[in-house]
Amino acid sequence: MRDLRARCEWDAAQTHESLRPYLIEEAHELDDAIRLGDDPLMREELGDVLLQVLFHSVIAEERGAFSFADVARGLITKMQGRHPHLYGDAAREPWEKMKSKHRKSIADGLPVALPALHRAHRLQDRAAGVGFDWPDVEGPASKVEEELAEVRQELENRAPRDAHGPPVMDSRHYALEAELGDLLFAVVNLCRKAGVHASIALDKANAKFERRFQEIERMAGERGIDVAQAGLEKLDSLWDEAKKLEADAKPEVR
């Protein structure tokens, strides 16, 4: 990287700021490779992420701020600090509980642009780190039911509107939006307490829906059915067929 910065015009022109979009893009490409279970692609994308780490480290080195060696040393120190029972005489302690001792606020250090589902999970993790948590899944499950009941109540209260028209942006709309937000937050908490990351669960649900709906489109095409005009009953029937085909092909998928 030092050589590229010295001899390549494009590399030499880059700054921390100009590289920001590439870091995000490479992280998403690595995430895709992991989701696909593609080891050669994962290896390649890990290299691309490493390139970003090196790029930023060398730029910082040129500014006299820190070097890649400093980054590595900092990481080693952090990992040792996270495992005091392995690298010292301290008792084993949950990471979030340890970090909470040095945090001024529950949101300290959480990136502003963190995806909402992930942010909800991290906020709940941090709250749990200081003892604000249910002992098991029963509490979060009951909270989901409670929030769903409140959503149903708001749905009953909202003003009627044309099914094809835009939503009425009145106080009832915002009340419903708030209750739906509470419901989503409660579902994330249930996922977390059950040991499932909500963003991964939703990603897999998205992929499953996409896969099944593409099968609906395939079957509809073979049968001369216009999906846009078929109606809910016909599409629901095709959906059931798609589910059965998938279950027959992959018994583990439900």
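This is a predicted model: local features need pLDDT of at least 70, side-chain atom pairs count only at pLDDT 80 or more; totals for chains, interfaces and linings use all residues.
Ala-141 is partly exposed, with a relative accessible area of 24%, and its place is in helix H8, residues 138-157. Glu-93 sits in the loop between H5 and helix H6 (95-100), and with a relative accessible area of 22% Glu-93 is partly exposed.

**Around helix H5**

Ser-67 caps the N-terminal end of H5, placing a side-chain oxygen 3.3 Å from the backbone nitrogen of Ala-69.

The patch covers about 370 Å² and is made by Leu-50, Val-53, Phe-66, Phe-68 and Val-71. Phe-66 lies in the loop between H4 and H5 and is partly exposed, at 35% relative accessible area.

**The inside**

Which residues make up the largest nonpolar core? Ile-216, Met-219, Ala-220, Leu-235, Leu-238, Trp-239 and Ala-242 do, 7 residues in all. Helix H10 (198-222) and helix H12 (232-249) each supply at least two residues of this core, and H12 gives the most, with 4 residues. In soluble globular proteins, nonpolar side chains tend to be buried together.

**Salt bridges**

The count comes to 20 salt bridges. Here are three of them, with the N to O distance and the accessibility of each partner.

| Pair | N to O distance | Relative accessible area |
|---|---|---|
| Arg-7 and Asp-3 | 2.9 Å | Arg-7 68%, Asp-3 41% |
| Arg-35 and Asp-203 | 3.9 Å | Arg-35 45%, Asp-203 34% |
| Glu-222 and Arg-218 | 2.5 Å | Glu-222 58%, Arg-218 39% |

Arg-7 and Asp-3 both lie in helix H1 (residues 2-7), 4 residues apart, about one turn of the helix. Glu-222 and Arg-218 are likewise about one helical turn apart, because 4 residues separate them in helix H10. An α-helix has 3.6 residues a turn, so residues three or four places apart point the same way.

The side chains of Arg-35 and Asp-203 meet in a salt bridge too. This pair links distant parts of the chain, with Arg-35 in helix H3 (residues 16-36) and Asp-203 in helix H10, 168 residues apart. Finally, a network of salt bridges links Arg-122, Asp-125, Asp-133, Arg-192 and Lys-193.

Definitions and conventions. Residues are numbered from 1 along each chain as its sequence is written. Side-chain values use heavy atoms; hydrogens and water are left out. Patches are made of residues with over 30% relative accessible area and no salt bridge: like charges are joined within 9 Å, nonpolar side chains (Val, Leu, Ile, Met, Phe, Trp, Tyr) within 5 Å. Accessible areas come from the Shrake-Rupley method with a 1.4 Å probe; for residues, only the protein chains shown count as cover. A salt bridge is a side-chain nitrogen of Lys or Arg within 4 Å of a carboxyl oxygen of Asp or Glu. Buried means under 20% relative accessible area, exposed over 50%, partly exposed in between (1.4 Å probe, protein chains only). A polar contact is a pair of N or O atoms within 3.5 Å; within protein, one must be able to donate a hydrogen and the other to accept it, and residues adjacent in sequence count only if both atoms are side-chain atoms. A nonpolar core is a set of buried Ala, Val, Leu, Ile, Met, Phe, Trp, Tyr and Cys residues joined through side-chain atoms within 4.5 Å.
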